[in-house]
Protein chains: 2
Amino acid sequence: MKSLKVGLCGTGNVGSAVLDALTKNPEITQKQGGVQLEVILVGARKGKSAVRNKELKVVTDLRQAASSDDIDVFVELIGGCELAKELVEIALRNGKDVVTANKALIATHGDELFKLAKENKVQIGFEASVAGGTPVIKALREGLVASRVQWFAGILNGTTNFILSEMSENNTNFDVALKEAQDLGLAETDPTMDIDGTDAAQKASILAALAFQVPFEFDSVSYGGIDQVDLEDLNYAKELGYSIKHIAYGNLNEGKVNVSAYPTLVSKELLLSQVGQQMNALDICCEEIGSTVYYGPGAGPKPTASAVIADLVDLANGGWPAQESGSQVNKISKKIIKPFPRYFRLEVKNEAGAIAKISSIFAEENISIEALIQHEAKKLKESLQDTVPVVIISGSVDEEVTSRLISSLESMDEINSQVKQFRIHNAL
Amino acid sequence: MKSLKVGLCGTGNVGSAVLDALTKNPEITQKQGGVQLEVILVGARKGKSAVRNKELKVVTDLRQAASSDDIDVFVELIGGCELAKELVEIALRNGKDVVTANKALIATHGDELFKLAKENKVQIGFEASVAGGTPVIKALREGLVASRVQWFAGILNGTTNFILSEMSENNTNFDVALKEAQDLGLAETDPTMDIDGTDAAQKASILAALAFQVPFEFDSVSYGGIDQVDLEDLNYAKELGYSIKHIAYGNLNEGKVNVSAYPTLVSKELLLSQVGQQMNALDICCEEIGSTVYYGPGAGPKPTASAVIADLVDLANGGWPAQESGSQVNKISKKIIKPFPRYFRLEVKNEAGAIAKISSIFAEENISIEALIQHEAKKLKESLQDTVPVVIISGSVDEEVTSRLISSLESMDEINSQVKQFRIHNAL
């Protein structure tokens, strides 16, 4: 039977789950993958006290762990970008394969690290960096290796999907839903990176590199967070036949790649709209196949550990196809070219002629109005002074025209406050 | 760059799509998989006329094609079990890896063929045999290699999913929906293997072997077809919050594996219930991860070709983990142990006391009634003489008790005609 000697740093939830799985149930990968995985050492600055299994060898010098002659592969689970990067580089330079769950590291320094790995004739596994236990990296770089990806659209952050689902289903506001997510352990004490879209954008950057053979370039991802979504928007979306999800979207058009992550209306007819709770899902659309969708838990120690260990088994069996990453064919660009249908919500003074004026502004920009809702004022719970909300679904518009439209609308006397705008994903 | 010399037999839709992809767009797998795939020869009994690309070498003796010294891997796409089996055996004995899309072959002769492959130190790829372009085999034997599968539930036959979806959405009967599937090229002229559940059952047998390390044993799969589903059942299911899907189900319980494929009510809250048209989807529930779901087109020349070529790239990169197939730990058994909640539809004489009598028969068997629908006779489109349909959703019951219950119900004077019964899948 093939075997692999493993060194691991990071003894938090995921690291502990990996160690538990490898030491308590080693027969699973032997039986199902034909591979024996042996934990040789654990790097933990706090020493033995940080490791549940007292029989494991613990070293407090993490650099020593990453460079040990006794290991074949180094598993990096400490997170963050500084020390993690240094340790991964040490391991690669010492001829160790690396497995990591660190999305920030790959999204930001992927190219550098893959270059270093290639120079040292070793490989890097990062299945656990996107969608936890759901094997989307594998699907993208192996299962769909014979197909050309046109676009992907994914719910890649479980915390925000939980919050949006809670708000929509229970008619609660953002703060209540966030508190519940924190109570259930689904959100960090400081949830900024989830809420503002950073986490999803990092994952999107990784998917784009694999799907479109562009560099790992997190800086080129444009993104926004779910703090822009009000309960009112969720209710209007529902009325119009949509869910609001935080969607990471990447597409390739004539050699140009755009990657972004924003709250987005998703048509109820698409599977993505049905993904509730803290679940993740990714729709990958290829020229040859059409859409394939991958759904599962995007986080949690055991699912993430399952992905880390699957990478170890893959390494023992020869690793992954050598994709030409960072090739010069496709270019990533922050300027988003693709037009989307869009949702607009305006606070309009309850005066004759306001709707006519709004419609004419849309007409001037040559944007079609596909749906418009203005409820009778008496239906509204709180009639904000003398304004009423008007919701418009438009035909496809690009970013540039959308900005211009919003400026024109906001300069109208009849419109109070900022105009809300979200994209619509309808898979066309 | 790694390279692989390919020989292929079978020049139907899938074979032609594979040849087109390999000869017209060879750069895809070079760029995305680091592999050069070269078609060395095509076996076609009719000779050159059967092959679109006139530059390819064609041999009319298929046995010669399978054993050629010039090839590394033999791609079997002729279908059926006799000649296909002989050719695959010739290829394996001659030290060729094999890639096939032939579900019947793997489901029926898998163990024999994998044994022969092992003896000859070669491998067999069969991603295309289940769910076409959606990489479910890869997910199961690589992505989830570190997890223990508890059960799987899948919509594995596109033709029948199209028919059931059409019936349900457009309120048409079976014959009309089948005709439409045939007109759209989604159903064969003789659709028996799809309609009666054979095709889905073969695929379920393949999934079970991978998920539970049992032999490929199609004979141990119990199955039934969608011809048992009336439009009336689809409408009652909808009223009760379910879709009816043809679900292939496999589960492991204390070392015992059951595999089956039947029309099944699926709760509207589950993603599987939302899978429309000719799409496939597979829910795999693991102890460590919970459910992951894989959705995509289950057939079609291009998606299937994509899976065949992905297998070729995998082979060039070292192939697949050596799973202990046919191990002695888990046993497959045709006797289904798992209890399911169930749907019953009875034609009951419109007489006082009938419902009371039915309820008491359920009570005698200790089966709970979770829901019951009996519409007023005037609501029914056709009042069949003096009977009314009664629909009951029961708590969980096993097969044995269900048969006894149905016998008792059918022997009642108040019940006309056969009792309809379907399982309910609610993921519990």
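Q: Which residues in α5(B) meet which residues in α10(B)?
A: Please bear in mind that this is a predicted model. From α5(B) come Lys103(B), Ala104(B), Ile106(B), Ala107(B) and Gly110(B), and they meet Gln202(B), Lys203(B), Ser205(B), Ile206(B) and Ala209(B) of α10(B). Sorted by class, this contact has five nonpolar, three polar and two charged residues.

Q: At what angle do helix α5 (residues 103-119) and helix α10 (residues 198-212) of chain B pack, and how is that angle to be read?
A: The two helices pack at about 55°, and their axes are 8 Å apart. As for handedness, α5(B) passes α10(B) in a left-handed crossing.

Q: How do helix α7 (residues 158-170) and helix α8 (residues 174-183) of chain B pack?
A: Here the angle is about 130° and the axes lie 9 Å apart, so α7(B) and α8(B) are oblique to each other. The crossing of α7(B) past α8(B) is right-handed. On the α7(B) side the contact is made by Thr159(B), Phe162(B), Ile163(B), Glu166(B) and Met167(B), and on the α8(B) side by Phe174(B), Ala177(B), Leu178(B), Glu180(B) and Ala181(B). By class, these are seven nonpolar, one polar and two charged residues.

Q: Is strand β11 (residues 279-286) of chain B largely enclosed or largely open?
A: A residue is buried if 20 or more other C-beta atoms lie within 10 Å of its own. Seven of the eight residues of β11(B) are buried, so this strand is largely enclosed by the rest of the structure.

Q: Which strands are joined to β11(B) by bridges, and in which sense do they run?
A: In a regular strand, side chains alternate between the two faces of the sheet. In this structure, strand β7 (residues 149-155) of chain B is joined to β11(B) by six bridges and the two run antiparallel; in this pairing Trp151(B) stands opposite Cys285(B). β12(B) is also antiparallel to β11(B), with eight bridges between them, and Ala281(B) stands opposite Tyr295(B). β11(B) and β12(B) form a hairpin, with three residues between the strands.

Q: Which strand of chain A does β12(B) pair with?
A: Strand β12 (residues 290-297) of chain B pairs with β12(A) in the antiparallel sense, over three bridges. One of the residues involved is Val293(A), whose bridge partner is Tyr295(B). Tyr295(B) is also the residue that stands opposite Ala281(B).

Q: How many residues of the two chains are in contact?
A: The size of an interface is often given as the accessible area lost when the parts come together. Here it may be read from residues: 46 of chain A are in contact with 46 of chain B. On the chain A side, the elements giving two or more residues are α2 (27-33), α6 (136-143), β12 (290-297) and α12 (301-316). The largest share, eight residues, comes from β12(A). This side divides into 19 nonpolar, 19 polar and eight charged residues.

Q: Where is Ile337(B) found, and what does it touch?
A: Ile337(B) is in the loop between β13 (331-332) and β14 (340-349) of chain B. Ile337(B) has 14 other C-beta atoms within 10 Å and is therefore partly exposed. Not counting residues up to four places away in sequence, Ile337(B) touches Asn253(B), Lys256(B), Asn258(B) and Asp398(B). Ile337(B) and Asn253(B) are 84 residues apart along the chain, and their C-alpha atoms are separated by 8.7 Å.

Note on methods
Residues numbered from 1 in each chain as written. Chains lettered and ligands numbered in written order. Predicted model: local features only at pLDDT ≥ 70, side-chain atom pairs only at ≥ 80, totals over all residues. Contact = placed C-beta atoms within 7 Å. Helix = DSSP H or I, 4+ residues; strand = E, 2+ residues; numbered from the N terminus. Nonpolar A, V, L, I, M, F, W, Y, C, P; charged D, E, K, R; others polar. Pairing = 2+ DSSP bridges. Axes fitted to C-alpha atoms, helices over the stretch in contact; angles between N-to-C directions. Parallel < 35°, antiparallel > 145°, perpendicular 65-115°, else oblique. Left-handed = near helix turned anticlockwise from the far one by under 90°. Buried ≥ 20, exposed ≤ 12 C-beta atoms within 10 Å, placed from the backbone.
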